[in-house]
Amino acid sequence: MPETPRFVPGPHYDGWLTGVEQIGYGGDYNPEQWPEEVWAEDVRLMNEAGVNLVSLGIFSWALLEPREGEFDFGWLDRVIGLLHEGGVRILLATPTAAPPAWLYAAHPDARVVDRNGTPMGPGGRGLMAPTAPAYRSAALRITTELAQRYGRHPAVVGWHVHNEYGAPVALDYSMHAQRAFREWLRERYDSLDSLNAAWGTAFWGQHYEDWEHIQVPAATATSANPAQQLDFARFSDAALRACFIAERDAVREHSDAPVTTNFMAASCPATDLFAWGKEVDLVSNDHYLQAADPRGYVGLALAADLTRSVAGGKPWLLLEHSTSAVNWQPRNVAKRPGEMARNSFAHLGRGADAIMFFQWRASRSGAEKFHSAMLPHAGTGSRVWQEVTALGVGLGRLTELQGSRVQADVALLWDYESFWAQDLEHRPSEGTSHRERIDTYYDRLWRDGHTVDLVRPSQDLSGYKLVVAPASYLLTAEAAANLTAYVEAGGTLLVSYFSGIVDEHDAVHPGGFMAPLRAALGVWVEEFLPLRDGDALTVTYRAGAAGAGAASTDVTTLTGTVWADDLVLDGAEPVGSYADGPKPGGAAITRHRHGAGTGWYVSTNLDVEALATVMADVYASAGLAPSGTVEGLEVVRRTGEGATYTVAINHTDGDAKLPLSSPATDLLTGDAFSGDADVPAGAVRVLRTTTR
Ligand code: GAL
């Protein structure tokens, strides 16, 4: 009889990793790639670098179960023993993201199939079809074996289930998916009539009379039904989550240690992380800089803020980032001296209580041999190793930050269902990228020094001074009512174009475009007026016209691209109008008092500079004070018991000043400040201010 699981499920979990009493520090450890003599050296060097936590065995299935049902745990016993002796704690992986060749050979039908019908694997990595019974039972067997054997091992302080669900493939079109999709639809819709209505199958004669006739939306001669595709995205996410839940529950039968899985917040839109966040005990993330973007640290901040938001504000683990270059981008730029530390402290400032890397020791062979590591090919004489050991020392001084929380005044809407719907074919303009709008508005908020939570449109928003909706194409009537109530109660809402257009079935809301937000914004859209590629228009904006303490009432001209609307005002005041473009003289930017709050609407694509003018007024109407620091000095605060920790990261080439309201001490250097703290070019400070 299995023991009754004693573990309290995810969202209620309030603990951390037993025995990791400092900020977690380490990385993925893949000892099976090295001869056994290297392992002792690994542990010695981990100690030298201050490593206290590793993720172990992520891709070890083929070695742990070399033949179906035959297990070899001897080598893993020895590695775990060495790490335990060395005081290094372990997140033990379930290795189900890399099924062994024998599983592919025995069950070729269980392979993931792409939209064109091509089955994938073996030879790379990535799970088999998440709904294939053979994969599911084999994954549960190896998970159970591991949990039984190591579930109570004192060094195993947590579980790293699978690896990056949704990568490399999130959508499976196999015969198993076909069957499971129909089952999922039968549960979602009580009858074929409701499915036909939800999918709008009267269009193009797609009406169904038999559940068995419904297919996964594989490649078709035209575009597949959008509501069907949207449901398939929901189903595919749920199928992956079911794999996680099954493994998690198998682990819990034998272990009290918390279970996590590494998300790819902000870079994998296929998994609805808000739903996943409810299933894990601890939230974890992987993040890699986009080397092509010299300001990739802004994307990093967004990913970290999203991870913290998914964790409901609780501390989270950064399970992977890189010490220097990755190997899978077109041009893999090495990190500059100090950059790895800045990246690490940026995650920490935004709520991470563990800073880890892919991977501990650089691989000699295989696809990732040019990927940087904590211990690079160049060895312990290298710059990277020096920076790794220095980071270990720095993090070792920050133990008191553990468990402290980040407070955000601004919320930015992030809704997977809306992304899935907007990414389908046949939209009014291929220039309308929800991600581009989110990134631009986030960048503006980052430059202006505002800390942001990423939130679903249906959640409680009352704690935020400002809610920004850069792209909310799919907005349910309930979510729109929530946003409206937020404004009514005194909130400031800013909505960007192509929002509030369709419901949960990708059907246009009745009453004109954006009708569900009409009360909050005092405006609706009669017709979309997208621009040709490369065209621009001019908006005459009366800066400060919005009042609410704005500094000037000058008239400014702003350039818009991509989009314009033919707006119908219903109470809103136009604070910007089109000087040219498809509707000269028409309202372009509006502001509306609704209840005790304000709803802003921006109907064109303003770049991050043009947004500065508008956002200054929006901040004023939301009562948000300017940050008072130079752009490029990233400042985030964590609040703990009796102290506030200000993490200040200078991304610029010049020294910067951070105004302080109370005396503070830099925990990294011991420097004490009152008045201003200087933050040298490229440097990081973690400033402790006592609050009682
Ligand atoms: C991650 C993955 C790691 C490694 C890394 C390389 O997405 O989880 O196993 O492949 O990328 O950057």
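Which residues does Trp 414 touch, not counting residues up to four places away in sequence? They are Ala 266, Phe 274, Leu 302, Leu 306, Phe 419, Arg 435, Ile 438, Leu 454, Val 455 and Arg 456. Touch, or contact, means heavy atoms within 4.5 Å. This is a predicted model, where local features need pLDDT of at least 70, side-chain atom pairs count only at pLDDT 80 or more, and totals for chains, interfaces and linings use all residues. Residues are numbered from 1 along each chain as its sequence is written, and side-chain values use heavy atoms, with hydrogens and water left out.

**Nonpolar cores**

- The largest nonpolar core has 173 residues. A nonpolar core is a set of buried Ala, Val, Leu, Ile, Met, Phe, Trp, Tyr and Cys residues joined through side-chain atoms within 4.5 Å. Buried means under 20% relative accessible area, exposed over 50%, and partly exposed in between, with a 1.4 Å probe and protein chains only.
- Trp 414 is among the residues with the most contacts inside this core.
- Helices (H or I, at least four residues) and strands (E, at least two) are DSSP runs, numbered from the N terminus.
- A second, separate core has 20 residues, including Val 113, Ala 198, Trp 199 and Ile 214.

**Helix H11**

- Helix H11 spans residues 339–349. Ten of its eleven residues are buried, so H11 is largely enclosed by the rest of the structure.
- The buried residues of H11 are Glu 339, Met 340, Arg 342, Asn 343, Ser 344, Phe 345, Ala 346, His 347, Leu 348 and Gly 349.
- Just after H11 comes Gly 351, with a positive phi of about 115°.

**Helices H6 and H8**

- Two packed helices are described by the angle between their axes and the distance between the axes.
- The axes of H6 (residues 175–188) and H8 come within 10 Å and cross at roughly 105°. Axes are lines fitted to C-alpha atoms, for helices over the stretch in contact, and angles run from 0 to 180 degrees between N-to-C directions.
- H6 and H8 are therefore roughly perpendicular to each other. Angles under 35 degrees count as roughly parallel, over 145 as roughly antiparallel, 65 to 115 as roughly perpendicular and the rest as oblique.
- H6 contributes Ala 177, Ala 180, Phe 181, Trp 184, Leu 185 and Arg 188 to the contact. H8 contributes Gln 228, Asp 231, Phe 232, Arg 234, Phe 235 and Ala 238.
- By type, the contact holds eight nonpolar residues, one polar and three charged. Ala, Val, Leu, Ile, Met, Phe, Trp, Tyr, Cys and Pro count as nonpolar, Asp, Glu, Lys and Arg as charged, and the others, Gly among them, as polar.

**Buried loop residues**

- Asn 225 sits in the loop between helix H7 (192–199) and helix H8 (226–252). Its relative accessible area is 5%, so Asn 225 is buried.
- A polar atom of the Asn 225 side chain lies 2.9 Å from the backbone oxygen of Trp 199. Leaving aside neighbours within four places in sequence, Asn 225 contacts Trp 199, Thr 201 and Gln 206.
- Pro 376 lies in the loop between strand E9 (352–357) and helix H12 (383–396). Pro 376 counts as buried because its relative accessibility is 17%.
- Val 51 is in the loop between helix H1 (37–49) and strand E2 (53–56). Val 51 is buried, at 5% relative accessible area.
- Beyond four places in sequence, Val 51 touches Tyr 25, Gly 26, Met 46, Val 88, Trp 360 and Met 374.

**Backbone exceptions**

- Most residues other than glycine have a negative phi, and most peptide bonds are trans.
- Ala 167 and Pro 168 are joined by a cis peptide bond, with omega about -5°. Pro 168 lies in the loop between strand E4 (156–161) and H6.
- Another cis peptide bond joins Phe 358 and Gln 359, with omega about -5°. Gln 359 is in the loop between E9 and H12.
- Ala 266 has a positive phi, near 75°. Ala 266 is buried, at 15% relative accessibility.
- Phe 498 has a positive phi of about 60°. Phe 498 is buried, with a relative accessible area of 4%.

Key
A polar contact is a pair of N or O atoms within 3.5 Å; within protein, one must be able to donate a hydrogen and the other to accept it, and residues adjacent in sequence count only if both atoms are side-chain atoms.
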